[in-house]
Amino acid sequence: MTVHSVADDTDAASVSTAAAADNEEQEPLLSPQQSRQLMQTDVPGALESPLRSDAVPTFAKRLTSLLGLCLAGMCMLIGVYVLYILVHIPKIMLAVHGSDPELDAASLIDAADESILLSARLRFPRRRRRAVRIPFANVTVFHKGDSVGWLSIRDFELEAANPAVELYEVFHIVDQQAMERLVSETVEQRRIAVETRVAVDMSGFGRFLPMVTVRRKVDFALPPPPSVNYTLNGISGPSVDEKNGGVTAHATVSATIPYKGVSANIDPLCFDISFCNTTIATVFAGPVTVSSSGDIDLPSVVNVKSIADDKHEAALALLVRDIAGGKAAKLAVSGAEASLCHSTTAPLWLRRALSKALIPVSIDSARLPAGEFPALGELVKEMVVDRFYASWNASRGFSPWAAVSGQTTVQLPNPYGANFTFEIESLVPRMQLVDDKRRVFATVDAPAIPLRMLQISPLTYSIQYDLDRIGVSVAENRQKQFTHTMQRALVDRHLLVGINGTLDVALATSIGRLRIDALPFYKAIDHVFSSEDKTTSEYAADQGSTALTDGHGANMSMTSGEPKLSVGRIHITDTSEHLVTMEIDVDLDNPFSYGAYLSDMAMHIGFAGLRIARIGVKELAVGQGSNTITIYIDFYNHPEDPRQKMLFLNASSGKPLTIELSGFPNCTTIAPLEASLRGFTQSVTIDPSKLGNGHGGLALGQLPKVLREVIFHVFSLTAEATVVNPVSGAGIWLQAIEAIGYHNGDIPLGTLSYNFMTDTPRRTPASSNGLLLPYNQSVATPRLPITANETSIGWDVVRRAIGGTLDVDVFTNIQVLVGRAQFNVTAMGRNAPVKIRF
């Protein structure tokens, strides 16, 4: 191939042009016909030769004109089409303007491996009243460049009079791995990040409008989950799971979400709950039903897995410590392995996505619903105390201690049929006492032998304890805080103290053995004693002779037998007109291994606002077996005060007696107790009718018997009595007596009035002070005249009792001189045996 340039062609053309000019000068001109003949004769192939150069420009001009016309027509068409589009843009804008939809209702109808069926109701409240029709629209969703699926909408039509439209569509999943990745990241990150391609057929606005395709990135964070109140229904268990191992519980969670018009039906799903990268439980939840009113019902089955190894045990121990310490438990929830959830029909991509997602869940124990739990007293069914001893010595006033051993039966409520094992093999506490500002002021001495809790039956336990020494040791320079806590408890009736420390506990459960060391423990005790706490109805317990009660129906059993109390020596050490000082020896036969030691203590006793005595002990030491306790009493005499007479009357008649105990300065040598008792007052109610009769865990033994015998002489209408004085140390004179006798409480028998200082016969030893009652000697009174009842009923009763004994209730008013103290005693003797003689 020969290559030449444009310059060569130009030169050749010039030469040809010049040659043609020379020929024109040399040859004569020919007519057109001659020229044609010449060409036909001289040049036979002239018609087949190329066009001459002088014809080329004319063809090119014609072709150019044709192309220009075509191009102009095309531009005109394009301009007209653009103008057509521009003309329809206002119509489109009017239709789109204010057409932001609001979701009235949405429903997830079904979810399968390859599609999702859903419906929605959209409302356009701000749309102009114009009809809108879109024949076709296609939405394709991409995630990280991969197509997830597509959704087609056909014949979308919004009527002018109706601002709402309902859609019933299917989202087709084209790439399950992309769908799985999208769902997993959305759940885990709580953020949606996708690309969308929307193709819309605009022919609904104009017949010749084109298909419009729009690409857009969508990236937004999901709103935080709403606060939802929920209830648990249909609870069953937890119980031992023989099939899957561990412990399983069933329940239905019912809740209401703040989203109305949203409904869904979701197939059951499996979730793993893990802590510290250890799976501790599996939850089978569903099917989930969400109604359009926002109500959710979620049947759930929770299986707590058996402890598999040391890592599993350590994770559970840390979880319990966090919850006990008030920390929020950082759990993680993820879908269980898709291959392990055989009983679920949820889409495979959903199960795989959830298994890859890790959802952090924080459980705050303080916000968990506590529910209603019975008081401790209602849980304790029986308490058996084998040994108890308490000691508070003045030399160690800030270190009281006690020792106790026994067992307590506790029964927890079991309304849901729980059946699993939970026992405490050992529990060793390390505790401190703190004030209301969480400042430590004392340590609790830990026992050497740990506490154990054995399971008798489901949720019924026997707590066994043998605390050889459990006490309080007040920290140095913290004595004021300890004293203030005691004062508030005793004086203000407000116990405010915190118990802070740790527990070392070893558990035996249905999921395996679990040891938790240094388990945080804090219990704030803030109790205000009510008016019921100020009585002692629990002191007069109405139980058997070998049991006490705690006021809630729980038996507090002791070993066989009962303590027996008897009064030994009553000795008056001094008397004055308004004060009698005495000592009383009380003999206590204690069959139990119970005991106590108290250096000393005294209390004031009042009745109806009247201070009547000061009673105390100089040293109280009680142990098992025989004990003698010396009680020191200062009795303040108010002979003319009716409240003192009422005290004697109530005590003698067996009515419940309310007295007031109060402390005073120097009432004990135990420093913190003395400071606390200075302002202490307490009302105590004692029911004498329940003392000494085999009730209340106390029996009265031999008590001093003053009235030995009463004889009524019918013929002479007189009565005489034999009296023994059990009090030593001071002379006692019987000065005057007034009495009236009743049978069965309402049949009067007769009255008696006698003055021993003026009416005593000469043969009876007497002085100006009345009838002397020597210590521990029988003294017979003279025959005292009786004024008989005028009715026949009383005489019939007496006549039938002649030669026998008649029980008589005697209302008596007696004047007695004790040393230098004058007493006016009003008493009611019930069922006094009176011998009836002629």
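At 7% relative accessibility, Phe482 counts as buried, a word used here for under 20% relative accessible area, with exposed meaning over 50% and partly exposed the range in between (1.4 Å probe, protein chains only). The model is a predicted one, in which local features need pLDDT of at least 70 and side-chain atom pairs count only at pLDDT 80 or more, while totals for chains, interfaces and linings use all residues. Residues are numbered from 1 along each chain as its sequence is written, and side-chain values use heavy atoms, with hydrogens and water left out.

A search of the whole structure finds six aromatic pairs. Rings of Phe, Tyr and Trp (its six-membered ring) pair if their centres lie within 6.5 Å; planes under 30 degrees apart count as stacked, over 60 as edge-to-face and the rest as tilted. In one of the pairs, the ring centres of Phe441 and Phe482 lie 6.4 Å apart with the planes at 45 degrees, so this pair is tilted. The pair links distant parts of the chain, since Phe441 belongs to strand S20 (residues 440-444) and Phe482 to helix H8, 41 residues apart. Phe441 is also buried, with a relative accessible area of 1%. Together with Phe398, Phe441 and Phe482 form one aromatic cluster.

Helix H8 (residues 479-490) also holds Gln481. With a relative accessible area of 16%, Gln481 is buried. Leaving aside neighbours within four places in sequence, Gln481 is in contact (heavy atoms within 4.5 Å) with Asp435, Arg439 and Phe441.

Glu382 sits in strand S17 (residues 380-392) and counts as partly exposed, because its relative accessibility is 33%. The C-alpha atoms of Glu382 and Thr408 are separated by 5.7 Å, although the two residues are 26 apart along the chain. Leu67, found in helix H3 (residues 56-96), has 52% relative accessibility and therefore counts as exposed. Leu63, Leu66 and Leu67 make a nonpolar surface patch of about 290 Å². Such patches are made of residues with over 30% relative accessible area and no salt bridge, with like charges joined within 9 Å and nonpolar side chains (Val, Leu, Ile, Met, Phe, Trp, Tyr) within 5 Å. A salt bridge, in turn, is a side-chain nitrogen of Lys or Arg within 4 Å of a carboxyl oxygen of Asp or Glu.

Cysteines come next. A search of the whole structure finds zero disulfides, a disulfide being a pair of cysteine sulfur atoms within 2.5 Å. Cys270 counts as buried at 12% relative accessibility, whereas Cys276, at 42%, counts as partly exposed.

Finally, here is the chain as a whole. The protein chain has eleven helices and 46 strands, where helices (H or I, at least four residues) and strands (E, at least two) are DSSP runs numbered from the N terminus. Of the 838 residues, 37% are buried. Among contacts with a separation of 6 or more, 67% are between residues 24 or more positions apart. The accessible surface of the protein chain comes to about 48,400 Å², of which 58% belongs to carbon and sulfur atoms; accessible areas come from the Shrake-Rupley method with a 1.4 Å probe, and for residues only the protein chains shown count as cover.
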